[in-house]
Amino acid sequence: MTASPFIAHNGFALPAQGLGTYGFRGEAGALAVRSGIETGYRLIDSAFNYENEGAVGWGVSGAAVDRAELIVTTKLAGRHHERAKALDAIEESRFRLGVDAIDLLLIHWPNPGRDHYVEAWGALIDARERGLVRQIGVSNFLPEHLERIEDATGVRPVVNQIELHPRFPQTEAVEYHRKHGIVTEAWSPLGRAGDILDDPVIVDVAQAHGISAAQAVLAWHASRGVVAIPKAATPEHQALNLIASGVPLTPDEVAAITALGVPDGRLFGADPRTHEEL
Ligand SMILES: NC(=O)c1ccc[n+]([C@@H]2O[C@H](COP(=O)([O-])OP(=O)(O)OC[C@H]3O[C@@H](n4cnc5c(N)ncnc54)[C@H](OP(=O)(O)O)[C@@H]3O)[C@@H](O)[C@H]2O)c1
């Protein structure tokens, strides 16, 4: 099965870019979410573990756009994978967000050492059937995890949100997702605005298009069919970032940025095979 960029196997469509919210908390966080939506973001990321579902919900409810246009995302934490805990946590997330239903709910990490992620996936399916959630997906899942949950339930995630930036371009995962109609979302898509933004390859691409290095990286994600979710607190960065997804890079430019990847390019070494996040 193949899928168009940003459209999942079941027809669920995502915009090329969403707003990351890690670290957005309280009133300042809520205002940053509201500003993001008013700047044009329609996909908003969050997670139970970011302790910001309240701020995100406040930003969503205060923004002057039709609620139906928004895809409000949150994630089930690792300590809530068992079925009863999962359903309680999902209801709590829905309540904190202040929404009638969560538009997109992801399992945050597979935590394979604890081995409850298949049960968690069953709970997400139940939550969708109960109307608490509209679309369900995962985060940080490897192909072996994706295959196991689909074999166990017959239900395929619409999204896999994974670490992905020029130092860790995840070419095999992106291709696997594309073949299976799973949309790839990139977390830390700017590499947390670290020294990657000074790399001469990225600076050259940016100069060729009259854009900044951060914008060139976001143009690279969109050209690869990957939904980037940069965190940007200021309206200036938010606006610059959104424009960037519409800048087409040449195949050579895409290949040159992808070639910056290195095997140990993860930002903090969190390999889903072993990483535990509860
Ligand atoms: N599923 C997971 O396990 C997981 C893990 C990590 C993150 N995430 C999600 O992914 C989101 C994004 O990742 P991230 O926050 O780690 O890192 P990121 O988006 O790669 O980088 C954020 C940094 O980039 C800066 N920035 C944004 N736009 C810029 C621009 N145009 N020019 C220069 N600097 C710019 C931001 O500063 P300003 O805020 O000042 O603009 C901030 O310091 C998170 O917020 C979270 O929602 C998910």
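**Around the ligand, the sheet and the helix pairs**

Helix α9 (residues 235-244) gives the shell around the ligand its largest share, three residues. Helices here are DSSP runs of H or I with at least four residues, strands are DSSP runs of E with at least two, and both are numbered from the N terminus. The model is a predicted one, so local features need pLDDT of at least 70 and side-chain atom pairs count only at pLDDT 80 or more, while totals for chains, interfaces and linings use all residues. Residue numbers start from 1 along each chain as its sequence is written.

Around the ligand there are 26 residues, of which G20, Y22, L190, A193 and K231 come nearest; a residue is near a molecule or strand if its C-beta atom, placed from the backbone, lies within 6 Å of it. Sorted by class, this shell has eleven nonpolar, twelve polar and three charged residues. In that scheme Ala, Val, Leu, Ile, Met, Phe, Trp, Tyr, Cys and Pro count as nonpolar, Asp, Glu, Lys and Arg as charged, and the others, Gly among them, as polar.

Next comes the sheet. It is open, with seven strands in the order β1-β2-β3-β4-β5-β6-β7 and parallel pairing. Two strands pair if DSSP finds at least two bridges between them. At the edges stand β1 (43-44) and β7 (227-228), each with a single partner strand, so one side of each has no neighbour in the sheet. Further in the order, β2 (residues 71-76) and β3 (residues 102-107) are joined in the parallel sense by four bridges, and K75 sits opposite L106 in β3. Helix α6 (residues 171-180) lies across β5 (159-163) and β6 (183-187), and it runs at about 150° to β6.

That leaves the helix pairs. Angles run from 0 to 180 degrees between N-to-C directions, and axes are lines fitted to C-alpha atoms, for helices over the stretch in contact. Helix α1 (residues 26-39) packs on helix α2 (residues 53-62) at about 40°, with the axes 7 Å apart. α1 is therefore oblique to α2; angles under 35 degrees count as roughly parallel, over 145 as roughly antiparallel, 65 to 115 as roughly perpendicular and the rest as oblique. On the α1 side the contact includes L31, V33 and I37, and on the α2 side W58 and V60 are among the residues involved. Contact means that the C-beta atoms of two residues, placed from the backbone, lie within 7 Å. By class, the α1 contact with α2 has eight nonpolar, four polar and one charged residues.

Helix α7 (residues 200-209) has two partners to describe. With helix α10 (residues 251-258) the angle is about 155° and the axes are 9 Å apart, which means α7 is roughly antiparallel to α10. Here V201, I202 and V205 of α7 meet E253, A256 and I257 of α10, a contact with five nonpolar, no polar and one charged residues. With helix α8 (residues 213-223), α7 packs at about 90°, the axes being 8 Å apart, so α7 is roughly perpendicular to α8. I202, V203, V205, A206 and H209 in α7 meet A213, Q215, A216 and V217 in α8, and the class count is seven nonpolar, two polar and no charged residues.
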